[in-house]
Amino acid sequence: MTRSQPVGWAAHHQAVQTLQQSYAAIPPGDTVRLAKKTSNLFRPRAEIGHGLDVSGLGGVIAVDPQARTAEVQGMCTYEDLVDATLPHGLMPLVVPQLRTITLGGAVTGLGIEATSFRHGLPHESVLELDILTGTGDIVTARPDGEHAELFEAFPNSLGSLGYATRLRIELMPIAAEVRTTNVRFDRIDDLLELVGTVMDTGEHQGRHVDVMDGVVFRPGESYLVLGTFSDEAAAAGPTSDYTGQDIYYRSLRAKATDRLSAYDYLWRWDTDWFWCSSAFGAQVPAVRRVWPRQYRRSDVYHRIVRWENRYGVAARIGRWRGELERERVVQDVELPLERTGEFLAWFAQAVPMAPLWLCPLRLRDREWPLYPMHAGQKYVNVGFWGTVPIEPGRCDGDVNRLIEDKVFELGGHKSLYSDAYYDRETFDRLYGGAAYRAAKDRYDPDHRLTDLYDKVVGRK
């Protein structure tokens with residue numbers, strides 16, 4: 001169920017007041033966390049007794065088609081935002097892959113998608129935002145002015161500096177369809193060379209490229225997907241539908257070109273959580289036919305994972321069968337384009353996991369202290385999500401540590417939505433420790449909000 005009707009300013013102000021009251025009611029020293037129904041985090045967290053009331057902060061306040069902006073509440077999902085903007089022929093500059101990612105979550109925790117080679121990361125299209133800080137106050141942060149320090153430090157702070165209640169974001173036009181070309185490569189270096197060319201020229205074979213991502217199925221088989229927004233008459237028949245029996249990532253092997261409606265393109269990865277739905281049998285044809293379409297979506301799969309994390313049924317069955325324990329390896333890492341091939345070659349030897357997602361990106365025009373990528377540098381996000389057996393003599397977490405070390409060696413970063421194992425000194429060096437501490441001391445002087453390192457590595 002989605003909501004595309006604006007909530008309006010009066011309802012928004014009332015919801016913010018309710019949020020502040022719930023914050024004030026939490027005793028000093030108690031853990032502060034949002035009381036939300038969904039989460040796209042992949043690390044266990046300590047249980048809490050009190051949660052902030054964000055029940056009224058999940059909608060779109062207003063869309064301005066002329067200015068191409070939207071006023072959005074912090075807990076609004078991209079699914080609801082897209083429902084509100086598509087009727088105007090508009091979309092957020094970057095729409096993360098999963099429907100229930102929230103605007104506040106994508107900004108404070110980072111996000112990425114196939115427009116990122118042109119438009120960077122979601123927080124880069126934020127014009128201003130209201131933030132509930134650790135003092136219980138609401139401040140409006142902009143790129144300049146009194147709270148510019150918080151505006152810069154908020155991305156990748158993961159709720160440790162405050163929570164976004166309202167964001168004003170840029171929108172851009174999107175056509176009725178997205179037409180894609182799926183280019184196969186036997187050598188990953190050839191794929192990466194084309195990525196660099198498209199990032200430089202914005203074109204492929206004389207055609208404008210609006211979106212670009214890719215999949216590595218194995219070292220000798222990878223695909224780069226190059227897409228163009230199109231309002232041309234649909235002379236080729238109906239667009240593809242990957243919410244039924246067909247599965248999107250498998251189509252890359254079968255089709256050299258494809259056509260999807262704008263809506264279906266934006267959510268092409270959600271139906272099967274990229275390819276991770278296979279872990280629940282949702283890609284088996286007989287199971288898929290009886291699995292209701294409305295429940296083939298990422299938040300349903302995530303609830304199954306949380307249930308397993310709590311009760312460990314599959315893990316107990318595996319032990320009963322004599323199988324090795326398994327380590328969760330769920331990561332998105334950003335590598336400089338020129339080092340991505342080296343990482344992928346190492347990964348193929350060190351981590352028995354495939355497919356992998358590739359998403360080129362480049363910051364728009366400035367750098368951000370808590371995720372210090374370099375403006376002007378070409379990067380590739382590599383996403384891999386699954387488990388690997390814990391081999392004899394190894395411990396849970398060893399593979400993740402190997403990946404962290406390799407990414408660091410190659411000048412990259414990893415997103416912090418999942419397990420991390422850095423010591424504090426390394427973490428501060430990689431994720432803007434000095435800038436973070438300065439913002440923390442100013443906007444959460446009593447440290448009521450969980451520290452970023454404690455939250456990410458300590459799982460608090």
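## Packing of α12 against α13

In this predicted model, E342, F343, W346 and F347 of helix α12 meet L402, I403, K406, V407 and E409 of helix α13, contact being defined as heavy atoms within 4.5 Å. The residues of this contact divide into 6 nonpolar, no polar and 3 charged; Ala, Val, Leu, Ile, Met, Phe, Trp, Tyr, Cys and Pro count as nonpolar, Asp, Glu, Lys and Arg as charged, and the others, Gly among them, as polar. The axes of α12 and α13 come within 10 Å and cross at roughly 160°. Axes are lines fitted to C-alpha atoms, for helices over the stretch in contact, and angles run from 0 to 180 degrees between N-to-C directions. The two helices are therefore roughly antiparallel to each other, since angles under 35 degrees count as roughly parallel, over 145 as roughly antiparallel, 65 to 115 as roughly perpendicular and the rest as oblique. The crossing of α12 and α13 is right-handed; the term applies if the near helix is turned clockwise from the far one by less than a right angle, and left-handed applies if anticlockwise.

Local features need pLDDT of at least 70 and side-chain atom pairs count only at pLDDT 80 or more, whereas totals for chains, interfaces and linings use all residues of this predicted model. Residues are numbered from 1 along each chain as its sequence is written, and side-chain values use heavy atoms, with hydrogens and water left out. Helices (H or I, at least four residues) and strands (E, at least two) are DSSP runs, numbered from the N terminus.

## Packing of α6 against α12

Helix α12 (residues 337-350) also packs with helix α6 (residues 188-201), at an angle of about 160° and with the axes 10 Å apart. That makes α6 roughly antiparallel to α12. The crossing of α6 and α12 is right-handed. On the α6 side, I188, D189, L192, V195 and G196 take part, and they meet L337, T340, G341 and L344 of α12. The residues of this contact divide into 5 nonpolar, 3 polar and 1 charged.

An open sheet is formed by 8 strands in the order β14-β9-β13-β12-β16-β17-β15-β18, with antiparallel pairing. Its edge strands, β14 (257-261) and β18 (413-414), each pair on one side only. Two strands pair if DSSP finds at least two bridges between them. Strand β15 (residues 326-336) is joined to β18 by 2 bridges, and these strands run antiparallel. The bridge partner of E334 in β18 is H413.

Strand β12 (residues 211-218) is mostly covered, with 7 of its 8 residues buried; buried means under 20% relative accessible area, exposed over 50%, and partly exposed in between (1.4 Å probe, protein chains only). β12 pairs in the antiparallel sense with strand β13 (residues 221-230) over 7 bridges, and the two form a hairpin with 2 residues between them. β12 also pairs in the antiparallel sense with strand β16 (residues 356-361), over 3 bridges. V215 stands opposite Y223 in β13, and its bridge partner in β16 is W357.

Helix α13 lies across β15, β17 (379-389) and β18, running at about 10° to β15. V399 is placed in α13 (residues 398-409). At 10% relative accessibility, V399 counts as buried. Leaving aside residues up to four places away in sequence, V399 touches E327, V329, V351 and V388.

## Buried loop and helix residues

T271 lies in the loop between α8 (262-266) and α9 (285-290). T271 counts as buried at 3% relative accessibility. Beyond residues up to four places away in sequence, T271 touches Y242, T243, R288, R296, R297 and Y301. H119, found in helix α4 (residues 116-119), counts as buried at 18% relative accessibility. With residues up to four places away in sequence not counted, H119 touches L93, V94, E124, M172 and R364.

## Backbone exceptions

Most residues other than glycine have a negative phi, and most peptide bonds are trans. L158, which is not a glycine, has a positive phi of about 55°. L158 lies in the loop between α5 (148-153) and β8 (163-173) and counts as buried at 12% relative accessibility. W273 likewise has a positive phi, near 50°. W273 is placed in the loop between α8 and α9 and counts as buried at 7% relative accessibility. The peptide bond from A354 to P355 is cis, with omega near 0°; P355 lies in the loop between α12 and β16.
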